[in-house]
Amino acid sequence: MGTRELGLPDRVPSGAALPERVTIWEVGPRDGLQNEKSIVPVDVKLEFLGRLADSGLTTLEATSFVSPKWVPQLADAEQLLAGLVRREGVRYPVLVPNERGLDRALEAGVSQIAIFASATETFAKKNLNSSVDDQFAMFEPVVTRAMAEGLDVRGYVSMCFGDPWEGAVPAEQVAGVGKRLLDLGCSQLSLGDTIGVATAGQVEALIGQFSDVGTLAVHFHDTYGQALANTLAALRCGVSTVDSSAGGLGGCPYAESATGNLATEDLVWMLDGLGVETGVDLDALVATSKWMAGKLGRPSPSRVVNALAG
């Protein structure tokens, strides 16, 4: 008999204050697949999105309008969105790096975009060919135009806890970048542990830099096995949106030490056990990640997928 048939995980709410419900921002279709060396066919990506929606996930980051030269895996963004059957109640945000990307996104009829900023100078140079200060000159027209078109804009901040070239990143430095994105008009900030080096105390310290926790989301990589611990720390600080990737797919193409994102299944298992609602059918999600692992030709790194799927 499997653990699910035995009623596991048992629901035991935490003594600490936690959100009643967590919104999962599923990044598997974009951040999860962008590093794959073999091009995943667009029909597989579309089925992946459909299966994720069937599992109850309501925010699916579908693709990115980055240059195909830099991320060949996502060169099919227009084709993907043209073939996407949008589900009622499901959002399909896309990543937009610049005004050209915004032009493409608007032509594709998207309603929500995300921009991608750096908290450190070296990563800004390597990833954006910019400085920390100059990146805002690039973002300002994107955000202004997007808002004028009625689009919602999310801001990612990368290298929030550590940078492979610069080391530890001060919380005040990250907060300065994040607050400038909010001032531009971003409705939400996703604080990213791009190389997976954060610990729970760092998470608490960074979130404490912001007066409105409702504008924050967290995005953890599991390089050192700390993603779930860091997520729980963020939830205890009042954060209620968490980025994760089905099956633990993904990483950062510009940071070689980064491993996969926090697995959505591992996150849901923890939240189910804490009595925190997500709206996600864990068994359906596990089946989806097992199916995608088969398409990619390797096992899922998610502990929960491996435990439940056998």
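This is a predicted model: local features need pLDDT of at least 70, side-chain atom pairs count only at pLDDT 80 or more; totals for chains, interfaces and linings use all residues.
Me: What is the relative orientation of helix H4 (residues 99-107) and helix H6 (residues 135-148), roughly parallel or roughly antiparallel?
Reply: The axes of H4 and H6 come within 9 Å and cross at roughly 20 degrees. Angles under 35 degrees count as roughly parallel. The orientation of H4 to H6 is therefore roughly parallel.

Me: How many charged residues does the contact of H4 with H6 have?
Reply: From H4, the residues Glu 99, Leu 102, Asp 103 and Leu 106 take part, and they meet Pro 141, Val 142, Arg 145 and Ala 146 of H6. By class, this contact has five nonpolar residues and no polar ones, and the number of charged residues is three.

Me: Within what arc do the buried residues of helix H5 (residues 121-128) fall, seen down its axis?
Reply: Phe 123, Ala 124, Asn 127 and Leu 128 are the buried residues of H5. Residues three or four places apart in an α-helix point the same way, because there are 3.6 residues a turn. The buried residues of H5 line one face of the helix, since they fall within an arc of 105 degrees.

Me: How many of the 10 residues of helix H9 (residues 227-236) are buried?
Reply: The buried residues of H9 are Ala 227, Asn 230, Thr 231, Leu 232, Ala 233, Ala 234 and Leu 235. They pack against several elements, including strand S9 (188-193), helix H8 (200-207) and helix H10 (264-274). H9 is largely enclosed by the rest of the structure, because the number of its residues that are buried is seven.

Me: What is the C-alpha to C-alpha distance in space between Gly 238 and Val 213?
Reply: Gly 238 is found in the loop between H9 and S11, and its phi is positive, near 105 degrees. With a relative accessible area of 40%, Gly 238 is partly exposed. Gly 238 and Val 213 are 25 residues apart in sequence, and their C-alpha to C-alpha distance is 6.3 Å.

Me: Is the crossing of H10 and helix H11 (residues 282-296) left-handed or right-handed?
Reply: The axes of H10 and H11 come within 10 Å and cross at roughly 165 degrees. That makes H10 roughly antiparallel to H11. The contact is made by Thr 264, Glu 265, Val 268, Trp 269 and Asp 272 of H10 with Leu 282, Leu 285, Val 286 and Ser 289 of H11. As for its handedness, the crossing of H10 and H11 is left-handed.

Conventions
Residues are numbered from 1 along each chain as its sequence is written. Side-chain values use heavy atoms; hydrogens and water are left out. Axes are lines fitted to C-alpha atoms, for helices over the stretch in contact, and angles run from 0 to 180 degrees between N-to-C directions. Helices (H or I, at least four residues) and strands (E, at least two) are DSSP runs, numbered from the N terminus. Angles under 35 degrees count as roughly parallel, over 145 as roughly antiparallel, 65 to 115 as roughly perpendicular and the rest as oblique. Contact means heavy atoms within 4.5 Å. Ala, Val, Leu, Ile, Met, Phe, Trp, Tyr, Cys and Pro count as nonpolar, Asp, Glu, Lys and Arg as charged, and the others, Gly among them, as polar. Buried means under 20% relative accessible area, exposed over 50%, partly exposed in between (1.4 Å probe, protein chains only). The arc is that of the directions from the helix axis to the C-beta atoms. A crossing is left-handed if the near helix is turned anticlockwise from the far one by less than a right angle, and right-handed if clockwise.
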